[in-house]
Amino acid sequence: EEIWRYRLPLAVRAALYWSERLFSAHFIRRARAIVAVTNEIARYESERCGSRAPLHTFSNGFDTGRVAAYRGDPPGDRFVIAFAAALFQPWHGLDRLLESLLRMPADARVTLHLVGKVHNAGELDLIRQLSADSRCDLVMHGLIPAQEVGKVLSCAHLPVDSLGLYRRKMS
C-alpha cells in the first residue's frame with residue numbers, strides 16, 4: 001500500500017506494486033534466510049509467505065544508549081516533541097502526529113523537531129499547514145549525523161517512535 005504514496009510515475013508505481021504482490025512470496029519462500037530491521041518484521045514476512053528460513057535482525061534504528069538522558073525543561077514555554085526517521089514511511093505514523101497537532105487547543109504551544117526525509121505528499125501538506133500555525137514551531141532537520149540526532153532527542157519532552165505500526169499489522 002505504501003508504494004502508491006511515492007512520487008513516482010504511475011507506470012513505475014504499478015510495476016513495483018504488482019511485482020511485490022505477484023512475486024514476493026515466491027522469492028521469500030525460497031530464501032535461505034530472512035533478514036529484517038526488527039524481529040517482528042522478520043516474523044511477519046516469514047508467516048505471510050510460509051517460509052521456514054532462519055530469521056535474522058539487522059537493526060537500522062537509532063542506538064538510544066548513545067543519547068544523553070533528558071535534562072529537565074528545554075528553554076521557553078513550549079512543549080518539545082522530536083520525531084526521527086531516516087525516511088518517514090506510513091508505519092511511522094507521522095501523519096497521525098501532525099493531524100493531532102493541528103487539532104490541539106488554541107492556547108497550546110509546541111515545538112516539533114522532525115529529523116529525516118519526508119516524501120509523502122499528504123504528510124508534506126500537513127507540514128505546510130502546521131508551519132503556518134502560530135501554536136507550533138516546526139524545525140525540519142533533514143538527514144543529520146547520529147550525534148546531532150541524539151542532541152535533538154535528548155532536549156525533547158517527548159521523543160516519538162512509530163505511531164502507525166498497526167498499518168503493517170505490527171504492534
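The following paragraphs discuss a pair of helices and then a further helix with the residue that caps it.

The model is a predicted one. Two packed helices are described by the angle between their axes and the distance between the axes. For helix H1 (residues 10–29) and helix H2 (residues 39–49), the axes come within 9 Å and cross at roughly 100 degrees. An angle from 65 to 115 degrees counts as roughly perpendicular, and H1 and H2 are therefore roughly perpendicular to each other. On the H1 side, the contact is formed by Glu20, Ser24, Ala25, Ile28 and Arg29, while H2 contributes Glu45, Arg48 and Cys49. Sorted by class, this contact contains four charged, three nonpolar and one polar residue.

Helix H4 spans residues 121–131, and its buried residues are Glu123, Leu124, Leu126, Ile127 and Leu130. These residues lie on the same side of H4, because the arc they cover around the axis is only 160 degrees. An α-helix has 3.6 residues a turn, so residues three or four places apart point the same way. The elements that cover the buried residues of H4 include helix H3 (94–102), strand S4 (110–117) and strand S5 (136–142).

The N-terminal end of H4 is capped by Asn120, a residue in the loop between S4 and H4. In the cap, a side-chain oxygen of Asn120 lies 2.8 Å from the backbone nitrogen of Gly122. The backbone nitrogen of Glu123 likewise lies 2.8 Å from a polar atom of the Asn120 side chain. Asn120 has a relative accessibility of 9% and therefore counts as buried, the cut-off being under 20%.

Methods: Residues are numbered from 1 along each chain as its sequence is written. This is a predicted model: local features need pLDDT of at least 70, side-chain atom pairs count only at pLDDT 80 or more; totals for chains, interfaces and linings use all residues. Side-chain values use heavy atoms; hydrogens and water are left out. Buried means under 20% relative accessible area, exposed over 50%, partly exposed in between (1.4 Å probe, protein chains only). Helices (H or I, at least four residues) and strands (E, at least two) are DSSP runs, numbered from the N terminus. The arc is that of the directions from the helix axis to the C-beta atoms. Contact means heavy atoms within 4.5 Å. A polar contact is a pair of N or O atoms within 3.5 Å; within protein, one must be able to donate a hydrogen and the other to accept it, and residues adjacent in sequence count only if both atoms are side-chain atoms. Axes are lines fitted to C-alpha atoms, for helices over the stretch in contact, and angles run from 0 to 180 degrees between N-to-C directions. Angles under 35 degrees count as roughly parallel, over 145 as roughly antiparallel, 65 to 115 as roughly perpendicular and the rest as oblique. Ala, Val, Leu, Ile, Met, Phe, Trp, Tyr, Cys and Pro count as nonpolar, Asp, Glu, Lys and Arg as charged, and the others, Gly among them, as polar.
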